[in-house]
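Please read each point beside the coordinates.

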Amino acid sequence: MGYAGVQVSPVQENVIIPARPWWERYQPISYKFISRSGSEEEFKDMVRRCNAAGVRIYVDALLNHMAADHPFPVIGMGNSTAHPEKRDYPAVPYTPVDFHPSCEILNYQDAYQVRNCELVGLHDLNQTHEHVRNQIVEFLNHAIDAGVAGFRIDAAKHMWPEDLKVIYSRLHDLPTSHGFKPNSRPYVYQEVIDMGGEGVTKYEYNSFGAVTEFKYGIELTRAMTGNNPLKWYRNIGEEWELLPRDSALVFIDNHDNQRGHGGAGSVLTHKQPKEYKMALAFMLAHPYGNAKVMSSFAFNHTDQGPPADANGNTISPQFNDDYSCNNGWVCEHRWIEVYNMIRFRNTVNGTEISEWWDNSNNQIAFSRGNAGFIAINADTIDLKQKIHTQLATGSYCDVISGNLVDGRCTGKTVQVDDQGFAFIKITVNDKDRVVAIHKNAKL
Ligand code: LAG
Ligand code: CA
């Protein structure tokens, strides 16, 4: 469908927590690649197959901390053991000198606390120590050599920018044996939750890597829930105190805030599909940032782990005829409204917004050069309007409601007349409140 890559769950050996919450994977006890998703060999095999299919893999890397204290015995997915209360992780190995002295992060105004104290009791590594840097660099390079294209840096805000810079500078180039161009560098996007008003800011990190822009999903959620008119969103970006577009990694929700974790506010998720798909459509149609789509398993409570077999190993989704998932998985990325907006984004890549139209409230439309056009009705009234586009005259398949199959559209069609006008109708009762057309889905 044109997805460029996939961020996978942490690969590091994590401590097994009896109730098997999803978040056990954020408590590493070694840098071995083994988890409830599989073994190192299985991981490497997946990466190789994905690279061959043109889909890059990004690993969620835990560099800030090791596992918190747990009742004895503390055992990992690869049978490694540890004594977290003694700061002893022999499978790395780490000993007490590798950690910051214990303290709790109480005051987020204090950058020193945020970076040198413990996040929710997770023992805090001192990345200024050469031994720690070496272990981390070795782990990351191990992943790069396996064909991984980059990393989400978990809890980057809790590490010193100077230390991260040194660590990144020691990373290998991406391997040409996996199809990467010579001298390609890993894409690193750092998790920094900066909603304003704290001692650490996102601007301390974006000169040497990309940074997660948490305000983006919050702003889009406000628009699609009637809390800020969509007409304002043409220039969402730097003028909104968001990161410069080249360093911004944008998303509506992530694995934390879709279930009330992480403290980054409340956002739309797959549980409100109509509004959520509108927010995703806007994100994918708008040129700001590097966009990431969340793909989930279904859950009823915030700690619930992924669909698993009797041994606690994660089980695969199964697939329906329309590409969607079952077996406990949501697979938002397989919804037609989402995958077709990925195709839209790829089709309009390199163009800017033109022909912006709005009704002075919650109905908007814009073109992306002569490559694509989108209309969104987030209003309380129907949209029935002749709107000017930059598209060539002809009949287009609305990719939100259908696909072009054997030259025919399985959904709605939209006519662009010889003046470039299209009549757009999106009623408040429509299943999807979005219409999107592009030059690669022209009849
Ligand atoms: C992150 N970013 O900075 C991750 O995105 C987030 O998912 C991680 O927290 C966190 N930082 C540490 O990597 C997750 C859960 C926490 C969970 C933590 C460790 O959101 O709820 O904490 O992973 O597994 C859990 C308990 C805490 C407890 C802690 C230590 O919820 O109550 O203090 O474990 O045992
Ligand atoms: Ca830290």
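1. Ligand 1 has 17 residues around it, and Trp23, Asp154, Glu191, Asp256 and His261 come nearest; a residue counts as near if one of its heavy atoms lies within 4 Å. The model is predicted: local features need pLDDT of at least 70, side-chain atom pairs count only at pLDDT 80 or more, and totals for chains, interfaces and linings use all residues. Side-chain values use heavy atoms, with hydrogens and water left out, while residues are numbered from 1 along each chain as its sequence is written, and chains are lettered from A and ligands numbered from 1 in the order in which they are written.

2. A side-chain N or O atom of His261 is 2.7 Å from an oxygen atom of ligand 1. For the side chain of Gln27, the distance to a ligand 1 oxygen is 2.9 Å, and for a polar side-chain atom of His65 it is 3.3 Å. The protein buries 78% of the 660 Å² that ligand 1 exposes when taken alone (accessible areas by the Shrake-Rupley method with a 1.4 Å probe).

3. The second largest pocket holds about 650 Å³ of space. A pocket is an open set of points on a 1 Å grid over the protein atoms alone, where a 1.4 Å probe fits and protein lies on both sides within 12 Å along at least five of seven lines; lining residues have an atom within 4 Å of a point. The volume is the space filled by probe spheres set on the points, which are joined across faces, edges and corners. Of its 25 lining residues, Leu119, Val120, Leu122, Asp256 and Gly262 are the closest to the centre.

4. An unreviewed UniProt entry annotates residues 1–345 as "domain: Glycosyl hydrolase family 13 catalytic"; such annotations may be inferred rather than shown by experiment. Over residues 1–345 the chain is 23% helix and 14% strand, with the end C-alpha atoms 11 Å apart (DSSP runs: helices H or I of at least four residues, strands E of at least two).

5. Most residues other than glycine have a negative phi, and most peptide bonds are trans. The Phe72 to Pro73 bond is cis, with omega near -5°, and Pro73 is in the loop between β5 (65–66) and β6 (74–75). The Val92 to Pro93 bond is also cis, with omega near 0°; Pro93 lies between β7 (81–82) and α2 (111–116), in a loop.

6. Asn327, not a glycine, has a positive phi of about 70°. Asn327 is located in the loop between β15 (325–326) and α7 (336–348).

Terms used
Polar contact = N/O pair within 3.5 Å; in protein donor to acceptor, adjacent residues only side chain to side chain.
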